[in-house]
Amino acid sequence: MTRINTAWRWPQDVIRLMDHLKIQKAHLVGYSLGGFIALKLAATHPERFITVCPCGAGWEKPDEGQFFKAINKFAEDLRAGRSVGPVVTSFGGDREKPGFIHELWVRILTGYLNDSLALAALMGGLRELGLSEEDVRGLDMPMLGISGGRDPLTVGAKNLIDAAPNYKLVITPGTDHIKTPMHDEFTKALLGFLRDNS
């Protein structure tokens, strides 16, 4: 089977769309996978963005993080036709565990409502979104992260506080990865940040 990696194309798709629409600079907001794509775009095309908001996402040092170690196992399970739970269940450490609804929803999505081979290819391509510490330290545009207090990815969001010079993190108390975007504080913090930097 031919391995297809598409993750490196996603940031380029954003740039191509902006070019097509004749948008020279924009505010960029992404959540979850979109947050990781936003971080990659901030590093590779900083001149195109006024602000960047990688929400529900974060960063781990390539030699320390568990993210890229975990996705290989999940890709294998998907290629074998097995459903998988949230990737963060394999991160270990003292991270919050995903809630029952989150776990169930991801298993339904990966086992019954999606093409498992396409998802496996997606997993294989996620490594292309990784950033070095030098990349992250070079991000000098205003940045806002919003992450849930019970979201396992908040650990990576906190890593950006010390690594990215103009990054601010808002944590919504008691919310997990699924519920965070629906929290009133998410909208309030995001709109306030964009208003202050327009």
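**Contacts, cores and packing**

Colleague: Leaving aside its neighbours within four places in sequence, with which residues is Leu-139 in contact?

Modeller: Contact means heavy atoms within 4.5 Å. By that rule Leu-139 touches Leu-39, Ala-42, Ala-43, Pro-165 and Asn-166, once neighbours within four places in sequence are set aside. Please note that this is a predicted model, in which local features need pLDDT of at least 70 and side-chain atom pairs count only at pLDDT 80 or more, while totals for chains, interfaces and linings use all residues. Residues are numbered from 1 along each chain as its sequence is written, and side-chain values use heavy atoms, with hydrogens and water left out.

Colleague: How should I read the largest nonpolar core, and which residues touch the most other members?

Modeller: A nonpolar core is a set of buried Ala, Val, Leu, Ile, Met, Phe, Trp, Tyr and Cys residues joined through side-chain atoms within 4.5 Å. Buried means under 20% relative accessible area, exposed over 50%, and partly exposed in between, with a 1.4 Å probe and protein chains only. The largest core has 36 residues, and those touching the most other members are Phe-49, Val-52, Met-123, Val-136, Leu-139, Met-143 and Tyr-167. Its largest share, six residues, comes from H2. Another core, of ten residues, lies apart from it and includes Cys-55, Val-170, Phe-186 and Phe-193.

Colleague: How many helices and strands does the protein chain have?

Modeller: Helices (H or I, at least four residues) and strands (E, at least two) are DSSP runs, numbered from the N terminus. The chain has eight helices and four strands, in the order α-β-α-β-α-α-α-α-β-α-β-α. Of its 198 residues, 45% are buried.

Colleague: How does one describe the packing of two helices?

Modeller: Two packed helices are described by the angle between their axes and the distance between the axes. Axes are lines fitted to C-alpha atoms, for helices over the stretch in contact, and angles run from 0 to 180 degrees between N-to-C directions. Angles under 35 degrees count as roughly parallel, over 145 as roughly antiparallel, 65 to 115 as roughly perpendicular and the rest as oblique. The axes of H1 (residues 9–20) and H2 come within 9 Å and cross at roughly 75 degrees; H1 and H2 are therefore roughly perpendicular. Here Trp-10, Pro-11, Val-14 and Ile-15 of H1 meet Leu-33, Ile-37, Lys-40 and Leu-41 of H2.

Colleague: Against which elements do the buried residues of H7 pack?

Modeller: They pack against helix H2 (33–44), helix H6 (133–137), strand E3 (143–148) and strand E4 (167–172). In H7 (residues 154–163), the buried residues are Thr-154, Gly-156, Ala-157, Leu-160 and Ala-163.

Colleague: What geometry does the aromatic pair of Tyr-31 and Phe-186 have?

Modeller: Rings of Phe, Tyr and Trp (its six-membered ring) pair if their centres lie within 6.5 Å; planes under 30 degrees apart count as stacked, over 60 as edge-to-face and the rest as tilted. The rule gives one aromatic pair. Tyr-31 and Phe-186 are edge-to-face, 6.0 Å centre to centre with 75 degrees between the planes. The pair links distant parts of the chain, since Tyr-31 in strand E1 and Phe-186 in helix H8 (residues 184–196) are 155 residues apart. Tyr-31 is partly exposed at 24% relative accessibility, whereas Phe-186 is buried at 9%.

Colleague: Where does Lys-22 lie?

Modeller: Lys-22 lies in the loop between H1 and strand E1 (26–31). Its phi is near 60 degrees, a positive value in a residue other than glycine. Lys-22 counts as exposed, because its relative accessibility is 75%.
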